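Student: I have just opened this model and would like a friendly walk through it. Where shall we begin?

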Amino acid sequence: RLVEARYSGMTHGVGRSGDLTAEQPKAAGSSILSKLTHLMAAQALKLAGLSNVTSVVVLPVATGMSITLCLMGLSLSRPGRRKVVWPRVDQKTCLKAMLALGLEPIIIKNHTEGDEVVADHDQIEAAIAEHGAENILAVVITTSCFAPRAPDDVVLVAEMCKRTAVPLLVNNAYGCQSDVVMKALTRAATRGRVDGIVQSTDKNFMVPVGGAILATCTNFDDLSAKVASLYPGRASSSAMQDLFITLLSMGEDGYLRLLSERSEVMEYLTDKVGAVAVKHGERLLVTPRNRISMGLTLGSFERKEASTAWDAGGVAAARAELSALGAMLFARSVSGTRVVTCVKEETLGGIKFAGYGAHMDDYPTTYLSFACAVGITRQEVDTFASRLDKTLKELRSKLEKSTRSNASSTLDASSTAGSVGSPRGRGTQGSADAGSVTSL
């Protein structure tokens with residue numbers, strides 16, 4: 001009975017074995033719900049700023065698997081192509097979406113412009129020329145990511161893909177929250193080539209995890225039909241129902257109000273957490289192109305005493321211990337933050353990444369990243385800033401205590417060595433041996 005009530009009696013799912021969006025005569029209710037949800041999703045994207053969207057498919061899987069389905073759809077018109085050009089973003093989902101199909105990612109390295117980590121867009125075109133446009137399945141770029149990574153320049157890359165006749169797939173996981181991102185996507189689809197845009201339902205519309213929206217726009221709008229037609233079998237209606245109920249409850253005015261409030265709270269969050277940063281001798285990273293996520297430096301918390309030598313190994317040790325901040329925040333019911341030490345190594349599908357989490361090999365400082373998500377309130381910002389302040393103070397205290405403890409242990413060890421090493425004991429006059437040094 002609980003399950004029946006949860007799905008409002010619509011237990012048949014959506015779609016038919018040949019098409020995810022096809023009507024199912026045996027399930028009129030689910031079919032109507034599917035049609036309405038697709039219309040509402042398209043309208044929501046238009047309200048968010050993607051004014052030239054022409055078709056959407058609400059997929060019953062989260063962002064990663066949706067990207068995999070899109071790549072499968074693109075392969076229908078480009079059979080045999082196995083290479084994907086991808087500017088590095090240190091979120092595993094998109095890369096694993098490629099690896100799941102056995103594709104070969106051509107990874108474009110990033111560089112810094114001020115504090116921001118930015119893709120080298122010239123290298124995208126160079127990679128297309130080097131490997132041959134006829135051998136490339138798609139370029140996959142990212143418009144929403146953890147700071148200090150800046151969104152890829154979707155207009156520039158879309159124009160590039162139009163010139164080279166290479167499909168462009170956009171990972172817009174939580175970009176619907178930023179009108180700047182959505183309007184850039186509109187310009188890109190008008191001026192260049194954009195084959196598909198994938199956005200998460202949970203990140204953008206506050207529903208449970210498990211759904212995504214594939215949108216196509218003017219000029220290149222056939223990917224949604226391809227993905228719908230290749231989906232194997234029927235699908236659960238859970239993601240569809242969640243989105244339908246949420247959008248219907250919000251209404252246009254409610255959704256627009258949430259977007260406006262998030263933008264306002266972003267400024268408030270910047271001020272409140274910026275003050276906490278200054279209080280602890282840190283600062284917010286300057287990342288003007290990232291309108292959703294931000295970062296707070298942790299450089300003053302790095303202990304040179306974490307290693308006997310302040311060399312590359314010492315830096316790594318000092319930074320690695322700061323990862324404890326994430327657990328300390330979580331213990332205070334603060335979730336969603338990431339401590340990026342810039343020294344972590346990660347291997348995915350046989351591909352090795354240095355400095356994983358920072359989107360490049362050698363970002364210069366440890367930092368804490370966090371986001372201003374849709375639905376956040378000023379009260380929640382106040383709570384976060386207060387708990388962050390207390391946790392940073394506690395972290396500083398623990399590190400200082402550890403430093404004093406290590407210094408005391410080192411002194412005790414040296415004294416013991418001096419007593420053993422000098423035949424006349426501590427404080428005796430004689431040669432400048434270990435005993436005479438420790439007697440000081």
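Student: Which residues lie nearest the centre of the largest pocket?

Tutor: Keep in mind that this is a predicted model. The largest pocket is lined by 25 residues. Nearest its centre are Ser335, Gly336, Ala371, Ala373 and Ile376.

Student: Which element gives the most to the lining of the largest pocket?

Tutor: At least two lining residues come from each of helix 8, strand 14 (367–371) and helix 13 (378–421). With five residues, the element that gives the most is helix 13.

Student: Which element gives the most to the lining of the second largest pocket?

Tutor: The second largest pocket has a volume of about 420 Å³. Of the 23 residues that line it, Arg262, Ser263, Met266, Glu267 and Arg291 are the closest to its centre. Two or more lining residues come from helix 2 (28–48), helix 7 (179–191), helix 10 and strand 10 (293–297). The element that gives the most, with eight residues, is helix 10.

Student: How many cavities of 30 Å³ or more does the structure hold, and how much space lies in the largest cavity?

Tutor: A search of the whole structure finds four cavities of 30 Å³ or more. The lining of the largest cavity includes Thr143, Tyr174 and Arg291, and its residues divide into five nonpolar, four polar and two charged. The space in this largest cavity is about 50 Å³.

Student: Are phenylalanine 205 and tyrosine 255 a stacked, edge-to-face or tilted pair?

Tutor: The structure holds four aromatic pairs, and this is one of them. The centres of phenylalanine 205 and tyrosine 255 are 5.4 Å apart, with 35 degrees between the planes. An angle under 30 degrees would count as stacked and one over 60 as edge-to-face, so the pair formed by phenylalanine 205 and tyrosine 255 is tilted.

Student: Why does this pair tie together parts that are apart in sequence, and how many residues separate them?

Tutor: Both phenylalanine 205 and tyrosine 255 are buried. Phenylalanine 205 belongs to helix 8 (residues 201–205) and tyrosine 255 to helix 10 (residues 238–279), so the parts they tie together are apart in sequence by 50 residues.

Student: Which arginine has its charged end over the ring of phenylalanine 301?

Tutor: There are two arginines to tell apart here. Arginine 378 lies over the face of tyrosine 268, at 4.4 Å from the ring centre. Over the ring of phenylalanine 301, 3.8 Å from its centre, sits the charged end of arginine 396.

Student: Which elements do the buried residues of helix 6 pack against?

Tutor: Helix 6 (residues 154–164) has buried residues Val154, Val155, Val157, Ala158, Met160, Cys161 and Thr164. Just after helix 6, alanine 165 takes a positive phi of about 60 degrees. The buried residues of helix 6 pack against helix 5 (121–131), strand 6 (136–142), strand 7 (168–171) and helix 7.

Student: How much of the chain do buried residues make up?

Tutor: The chain's secondary structure comes to 14 helices and 14 strands. Of the 440 residues in the chain, the buried share is 51%.

Note on methods: Residues are numbered from 1 along each chain as its sequence is written. This is a predicted model: local features need pLDDT of at least 70, side-chain atom pairs count only at pLDDT 80 or more; totals for chains, interfaces and linings use all residues. Side-chain values use heavy atoms; hydrogens and water are left out. Rings of Phe, Tyr and Trp (its six-membered ring) pair if their centres lie within 6.5 Å; planes under 30 degrees apart count as stacked, over 60 as edge-to-face and the rest as tilted. Helices (H or I, at least four residues) and strands (E, at least two) are DSSP runs, numbered from the N terminus. Buried means under 20% relative accessible area, exposed over 50%, partly exposed in between (1.4 Å probe, protein chains only). A charge sits over a ring if NZ of Lys or CZ of Arg is within 6 Å of the ring centre and within 35 degrees of the ring normal. On a 1 Å grid over the protein atoms alone, a cavity is a set of points where a 1.4 Å probe fits but cannot get out, and a pocket is an open set with protein on both sides within 12 Å along at least five of seven lines; lining residues have an atom within 4 Å of a point. Grid points are joined across faces, edges and corners, and a volume is the space filled by probe spheres set on the points. Contact means heavy atoms within 4.5 Å. Ala, Val, Leu, Ile, Met, Phe, Trp, Tyr, Cys and Pro count as nonpolar, Asp, Glu, Lys and Arg as charged, and the others, Gly among them, as polar.
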